[in-house]
Amino acid sequence: MFDFTYIAQPSRVIFAVGSLNSIRQEVEMLGCKRAIVLCTPPQRQQAESVAALLGEASAGVYDGAEMHVPIEVARKAREHAKAVGADCAVAVGGGSTIGLGKAIALESSIPILAVPTTYAGSEMTPVYGITEAGVKRTGKDLRVLPKTVIYDPRLTASLPVGMSVVSGMNAIAHAAEGLYARDGNPVMSLMAVEGIRALAGGLLGLTNDGADVDSRAQCLYGAWLCGTVLGHVGMALHHKLCHTLGGSFNLPHAETHTIVLPHALAYNAPAAPEAMEKIGAAIHVTDAPLGIQRLAQRLGAPTSLKDIGLKESDLDHACDIALSNPYWNPRPIERQPIRALLQRAWEGAAPQ
Ligand code: NAD
């Protein structure tokens, strides 16, 4: 047997088709009376319908959420929340919208109710990120962990299949790295394997029929599990590489995760054989890194960094940043193999 410390993070999770209908009751259960409903501009209509369900408990819709939570966006939203007398925030959207809720909660300590509409998993973590002068500062604070999370698969039906696929692969990356985390534990490993299994099956279902409720439910269930893993254990090389590539070269978040994951897993495979076995078993293959890349290909996802806008001439710089302040990793971080990994990810070559 091995040693571990397991600390559960408190949140109330409601998972059901139609669970959004209980939003008002959930706000009241937190002792709140005026909920500001947060969203991005394209999700305004979805947020308006949530505000309608809240009735008198709504303090209106605020559609100012933006990718990576720029500090100016956070300040404006905090002022608005104060001006309308909000005593809680209902975040309807993906990681960007939930991130805005977290930025408000960090300052005011008002509770967040998250209604996730992607598979990114931010709703299950106490991690926040705010971008100032082009640099994303992240931190951990239990005040930003949503108190209540409502998973209603109906709300993800409008997420285009292409975005769903990369969002789901982003979630799989949390679980995969959770399986070799330094602070991992058996509960998180069980959740990680089940999360990968559910997402792989659900995503394949979506590529046949993007509106299939069962596939949508399976994906969202997987996203909950993978997000929980992300919230409980530390991430390693893969997340550091994606953070570097996304932050410094402005690459799209979920696509970057999808492309890099097979290569980061191949790098770590010799140091984490048990994790590879579990990932492989979850997707029914013997070679986990190659299996993950083949899954992405089968789902029609991008598999090379050059296809999402990274220049080959940026690879040396990307390697330098990835090597600075590295996260803990099961295999030591070495320049030459990391540079080779980036080259393969750029070309879309097979992982090795
Ligand atoms: P996102 O929130 O930026 O959403 C992408 C786009 O999809 C937005 O325009 C959004 O309005 C739209 N969208 C979302 N759901 C939709 C739906 N159901 N139908 C139609 N359109 C929809 O993307 P994301 O991948 O969810 O989040 C990425 C951000 O979240 C990144 O900044 C990342 O760093 C952060 N993140 C943070 C954590 C954390 O723990 N703090 C975890 C994961 C991701």
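Cys32 counts as buried, at 7% relative accessibility, where buried means under 20% relative accessible area, exposed over 50% and partly exposed in between, with a 1.4 Å probe and protein chains only. Cys242 also counts as buried, at 6%. This is a predicted model, in which local features need pLDDT of at least 70 and side-chain atom pairs count only at pLDDT 80 or more, while totals for chains, interfaces and linings use all residues. Residues are numbered from 1 along each chain as its sequence is written, and side-chain values use heavy atoms, with hydrogens and water left out.

**Cysteines**

- A disulfide is a covalent bond between the sulfur atoms of two cysteines.
- Here a disulfide is taken as a pair of cysteine sulfur atoms within 2.5 Å, and by this rule the count is zero.
- Cys32 is in no disulfide, and its nearest cysteine sulfur belongs to Cys88, 4.2 Å away.
- Cys242 is likewise in no disulfide, with the sulfur of Cys319 as the nearest one, 15 Å away.

**The two domains**

- The domain assignment gives domain 1 (12–156) and domain 2 (161–347); such bounds come from an automatic or database domain assignment.
- Between the C-alpha centres of domain 1 and domain 2 there are 26 Å.
- Contact (heavy atoms within 4.5 Å) links 16 residues of domain 1 with 22 residues of domain 2.
- About 1,600 Å² is buried between the two domains, 68% of it on carbon and sulfur atoms; buried area is the accessible area (1.4 Å probe) that two parts lose on being put together, summed over both.
- On the domain 1 side, Phe15, Tyr119 and Met124 lose the most area to domain 2, and together they make up 40% of what that side buries.

**The open sheet**

- Six strands form an open sheet in the order E1-E8-E5-E4-E2-E3, with parallel pairing.
- Its edge strands are E1 (12–15) and E3 (58–62), each of which pairs on one side only.
- From one strand to the next, the twist averages 15 degrees.
- Two strands pair if DSSP finds at least two bridges between them; strands (E, at least two residues) and helices (H or I, at least four) are DSSP runs, numbered from the N terminus.
- Helix H7 (residues 213–232) lies across E1 and strand E8 (148–151), running at about 165 degrees to E1.
- For such angles, axes are lines fitted to C-alpha atoms, for helices over the stretch in contact, and the values run from 0 to 180 degrees between N-to-C directions.

**A look at strand E2**

- Strand E2 (residues 35–38) pairs with E3 in the parallel sense over three bridges.
- Across this pairing, Val37 stands opposite Val61 in E3, and Leu38 stands opposite Tyr62 in E3.
- In a regular strand the side chains alternate between the two faces of the sheet.
- In E2, Ala35 and Val37 point one way while Ile36 and Leu38 point the other way, and all are buried.

**Two further buried residues**

- Gly99 is found in helix H4 (residues 95–108) and is buried, with a relative accessible area of 11%.
- The C-alpha atoms of Gly99 and Ile130 are separated by 8.2 Å, although these residues are 31 residues apart along the chain.
- Thr131 is found in strand E6 (residues 127–132) and is buried, with a relative accessible area of 16%.
- Leaving aside neighbours within four places in sequence, Thr131 is in contact with His68, Val69, Pro70, Ile71 and Lys136.
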